[in-house]
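Biologist: Please take a close look at the ligand site in this model. Which residues come nearest to the ligand, and which elements give residues to the shell around it?

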Amino acid sequence: MKLQNVGILGVGSALPTKIVTNFDLEKIVNTSDEWIRTRTGISERRIVAGSQTTSDLAAEAARAAVEAAGCTIAEIDLILVATISPDTIMPSTACFVQEKLGAKNAAAFDLSAGCTGFVYGLAVGCSFVRSGMYKRVLVIGAEVMSKFLDWTDRNTCVLFGDGAGAVLLGPAEEPGFLSFKLHADGSMGDLLITPAGGARLPASKETVAARQHYIKMVSGNETFKFAVRVMGEVVQQALDEAGLVKEELDFLIPHQANLRIIEAARKRFNLPPDRVVVNINRYGNMSAASIPVALDEAVKNGRIKRGHLLGFVGFGAGLTWGAVIMRY
Ligand code: UT7
């Protein structure tokens, strides 16, 4: 069977308008702008207002991606939302997005792979188009982390932000996606976890009192070291699979968890700073939304152009990690 070439037809993103600076956080937890900036590279993040939710941001990013692609909502065959901050445990956020878009012809489901969600999502979405099963697949990374954060826990609340990014995948003349490398190690699942609210620890007065419905990070430092190691490794694996070398990469778009992680991976990988896309200073860690938002900004400001060779690399809860090499 001949496999279909797949490309990104359009990109879009959506960010809440409310900006929360490190100085704002100094007023609510025992932290400082200096600590947050030097340890993470974050200066500010966006936080949703009122009842705005993950599917709202996802739908806005998706509309922008469909418009950028010059397609119609009716043409969408599948909506895939990568998120760890869904509107509800059931049904999927993707179904709420389908309803908000009015995408009557689309199937819809969520994908949970932590901060690697968008990278996993690209692999899944691409497979549907490549096989010929679907023609137009929306892959969305969307998070409203602010509603899952313990705003009394300085270890986590300073790190994350809200946002959404989306790509519309479809058939292409030339091969767009060249290789995927996805990994997981469930033995480290408890390092980054929302402990309660699932079947393991159903909601109760005790779980609420113990603040177990919020995101917990057991050893940030361990995740840090792990991330530095695997990011370089997995990009190399994906390049090898595509039969390319790192010098050919025009841009690396890494998950934005910590500027020091990005820098360490960049140096280990020997790439000049202008070939790595960074926006963590303005948005913090938006989990599955970090990479598509960075992509959208770099496309909009003209840095990334058609024909560029791109590497996406992510890591996060699971633990999961993965990389994609593509010709944009
Ligand atoms: O997207 C994937 C998910 N998450 C990650 O990738 C996180 C990866 N890890 C990291 O980014 C870093 O490990 C952190 C930013 C979380 C922490 O930086 P670190 O350099 O690894 O610091 P640390 O964990 O070794 O902690 C240093 C100190 C501790 O105090 P003591 O025990 O040394 O007295 C913390 O209590 O910093 C303290 N600390 C803070 N101080 C001020 C932790 N959070 C804060 C804070 N403000 N917000």
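Modeller: What follows goes through the ligand site, then turns to the nonpolar cores. Keep in mind that this is a predicted model.

Start with the shell. There are 22 residues around the ligand. Thr31, Arg39, Asn221, Asn258 and Asn285 come nearest. By class, 10 of the shell residues are polar, 9 are nonpolar and 3 are charged.

Now the polar atoms. The side chain of Asn258 places an N or O atom 2.7 Å from an oxygen atom of the ligand. For Arg39, an N or O atom of the side chain is 2.8 Å from a ligand oxygen. Gly220 takes part through its backbone: a polar atom there is 2.9 Å from a nitrogen atom of the ligand. Taken alone, the ligand exposes 950 Å², and the protein buries 74% of that.

Next, the elements. Helix 2 (33–40), helix 6 (154–157), helix 8 (220–242) and helix 9 (259–268) each give two or more residues to the shell. Helix 8 supplies the largest share, 4 residues.

Then the cores. The largest nonpolar core has 30 residues. Leu122, Leu169, Phe177 and Phe312 touch the most other members. Helix 5 (residues 117–131) gives this core its largest share, 7 residues. Take Leu122. Leaving aside neighbours within four places in sequence, Leu122 is in contact with Val139, Val167, Leu169, Phe177, Phe180, Phe312 and Val324. A second, separate core has 28 residues, including Phe226, Val234, Leu319 and Trp321.

Note on methods. Residues numbered from 1 in each chain as written. Predicted model: local features only at pLDDT ≥ 70, side-chain atom pairs only at ≥ 80, totals over all residues. Heavy atoms only, no water. Near = heavy atom within 4 Å. Polar contact = N/O pair within 3.5 Å; in protein donor to acceptor, adjacent residues only side chain to side chain. Areas by Shrake-Rupley, 256 points an atom, 1.4 Å probe, with all protein chains shown as cover. Nonpolar A, V, L, I, M, F, W, Y, C, P; charged D, E, K, R; others polar. Core = buried A, V, L, I, M, F, W, Y, C linked by side-chain atoms within 4.5 Å. Buried < 20%, exposed > 50% of the residue type's maximum accessible area, 1.4 Å probe, protein only. Contact = heavy atoms within 4.5 Å.
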